[in-house]
Amino acid sequence: AKHLYLIRKKMKKTLTQMADIMGVAYQQYDKYETAKNRMRCGHLLLLAKHFGLDLNQFKQDPNQFIDLSVHEQDRVNAKFARIEREINNESIISHS
């Protein structure tokens with residue numbers, strides 16, 4: 001949640017703009033930023049791609065945005081890789 005807030009402020013975006021980038025309702029984004037709901041991996045990937053961020057930046061301070069054990073990190077990294085492959089496959093299909 002802290003990372004979302006810091007990214008939004010650094011990029012000078014509103015809650016609504018961040019929600020639009022992620023393809024969610026304003027209220028849903030607000031719940032992510034205030035840590036009332038957990039964010040899906042795909043939404044994190046969208047933000048990282050949109051702002052040109054490395055996904056590893058989300059794992060670093062402040063206070064470990066994604067606080068995971070090594071096992072969970074491997075699982076999350078595998079999910080990110082799968083999501084990215086799916087996005088790339090959809091892009092290839094749509095250009096055909």
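Leu55 is in contact (heavy atoms within 4.5 Å) with Leu44, Leu45, Ala48 and Phe80, leaving aside neighbours within four places in sequence. The model is a predicted one, in which local features need pLDDT of at least 70 and side-chain atom pairs count only at pLDDT 80 or more, while totals for chains, interfaces and linings use all residues. Side-chain values use heavy atoms, with hydrogens and water left out, and residues are numbered from 1 along each chain as its sequence is written.

Leu55 also belongs, with Met18, Tyr29 and Leu47, to the residues with the most contacts inside the largest nonpolar core, which has 19 residues. Such a core is a set of buried Ala, Val, Leu, Ile, Met, Phe, Trp, Tyr and Cys residues joined through side-chain atoms within 4.5 Å. Two or more residues each come from helix 1 (2-10), helix 2 (15-22), helix 3 (26-33), helix 4 and helix 5 (70-94); helices are DSSP runs of H or I with at least four residues, numbered from the N terminus.

Helix 4 spans residues 41-51 and includes Phe51. Phe51 counts as buried because its relative accessibility is 14%, the cut-off being under 20% relative accessible area with a 1.4 Å probe and protein chains only. Beyond residues up to four places away in sequence, Phe51 touches Ile7, Met11, Lys13, Met18 and Ile21. Ile21 is 30 residues from Phe51 along the chain, with 9.9 Å between their C-alpha atoms.

The axes of helix 1 and helix 3 come within 7 Å and cross at roughly 115°; axes are lines fitted to C-alpha atoms over the stretch in contact, with angles from 0 to 180 degrees between N-to-C directions. Leu4, Tyr5 and Arg8 of helix 1 meet Tyr29, Tyr32 and Glu33 of helix 3 in this contact.

Terms used
Buried < 20%, exposed > 50% of the residue type's maximum accessible area, 1.4 Å probe, protein only.
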